Amino acid sequence: MPHTIEAHSCRYFKTESPWEKNFGFSRAIRKGPFIQVAGTTSVHPETGEMMHHESAYEQTKLILDTIIKSVEGLGGKKTDITRFRLYATTKECGVEAVKAFKETFPDDFAPAAIMILGVHFAGEHMKVEVEADAIVL
């Protein structure tokens, strides 16, 4: 179950992801008005199983949902997200990821973003990973 911890003038958003536990990081951190969301993939939050092996689009939809829930878990809103860094294995996966991104973030409030292609991930079925920043005013 996701939960928050307060320490060191920060709020930490934690999930049950084995990646967080094994690598020792938080899904997201809020310090003042700033929220940073760690690199997020389409891993099932409790089992650690990679979801949607064959679809970068579906992976991205799940990733964006996880990021939005992380921001909300720290008191922010979807519209507080200001920046994305999207990593994809291939150009084709990038195109699928952009489709999911545009459906989730319409042009009228699309965050700043960058896409990096040709990435090799830790898991063999990972096609997309996304980091995000938000500012809560």
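Author: What follows starts with the overall fold, moves to the nonpolar cores, and ends with the salt bridges and the surface.

This is a predicted model: local features need pLDDT of at least 70, side-chain atom pairs count only at pLDDT 80 or more, and totals for chains, interfaces and linings use all residues. Residues are numbered from 1 along each chain as its sequence is written, and side-chain values use heavy atoms, with hydrogens and water left out.

The protein has 3 helices and 7 strands. Helices (H or I, at least four residues) and strands (E, at least two) are DSSP runs, numbered from the N terminus. Their order from the N terminus is β-β-α-β-β-α-β-α-β-β. Along the principal axes, the C-alpha atoms fill a box of roughly 40 × 35 × 20 Å. The radius of gyration is 14 Å, which agrees with the value near 14 Å for a compact globule of 137 residues. That radius is taken over C-alpha atoms, and the globule rule is 2.2 Å times the number of residues to the power 0.38.

Of the 137 residues, 42% count as buried. Buried means under 20% relative accessible area, exposed over 50%, and partly exposed in between (1.4 Å probe, protein chains only). Contacts reach across the sequence: among those between residues at least 6 apart, 65% join residues at least 24 apart. A contact means heavy atoms within 4.5 Å.

Now the interior. In soluble globular proteins, nonpolar side chains tend to be buried together. Here the largest nonpolar core has 24 residues, and Ile35, Ile67, Ile81 and Phe84 touch the most other members. Strand S4, helix H2, strand S5 (81–88), helix H3 (91–104) and strand S7 (128–135) each supply at least two residues of this core. H2 gives the largest share, 6 residues. A nonpolar core is a set of buried Ala, Val, Leu, Ile, Met, Phe, Trp, Tyr and Cys residues joined through side-chain atoms within 4.5 Å.

Apart from this core lies another, of 5 residues, among them Val43, Met50, Phe121 and Met126.

Look at Ile81. Leaving out residues up to four places away in sequence, Ile81 touches Ile67, Ile68, Val71, Phe105, Pro111, Ala132, Asp133 and Ala134.

Thr41 is the next stop. Thr41 sits in the loop between strand S4 (34–40) and helix H2 (56–73). At 12% relative accessibility, Thr41 counts as buried. With the same exclusion of residues up to four places away, Thr41 touches Met50, Ile63, Met126, Val128 and Glu129.

Charges come next. The whole structure holds 7 salt bridges. A salt bridge is a side-chain nitrogen of Lys or Arg within 4 Å of a carboxyl oxygen of Asp or Glu. One of them joins the side chains of Arg85 and Asp133 at 3.1 Å, N to O. Arg85 lies in strand S5 and Asp133 in strand S7, so the pair ties together parts that are 48 residues apart in sequence. Both Arg85 and Asp133 are buried.

Another salt bridge pairs Glu6 with Arg11 at 3.9 Å, N to O. Glu6 is exposed, with a relative accessible area of 64%. Arg11 is partly exposed, at 25%. Asp107 and Lys102 also meet in a salt bridge, at 3.9 Å, N to O. Asp107 counts as exposed at 63% relative accessibility. Lys102 is partly exposed, at 48%. Salt bridges that share partners join Arg85, Glu131 and Asp133 into one network.

Last, the outside. The accessible surface comes to about 7500 Å², of which 56% belongs to carbon and sulfur atoms. Accessible areas come from the Shrake-Rupley method with a 1.4 Å probe; for residues, only the protein chains shown count as cover. Phe34, Ile135 and Leu137 form a nonpolar patch on the surface, with about 350 Å² of accessible area together. Patches are made of residues with over 30% relative accessible area and no salt bridge: like charges are joined within 9 Å, nonpolar side chains (Val, Leu, Ile, Met, Phe, Trp, Tyr) within 5 Å. Phe34 is found in strand S4. At 42% relative accessibility, Phe34 counts as partly exposed.
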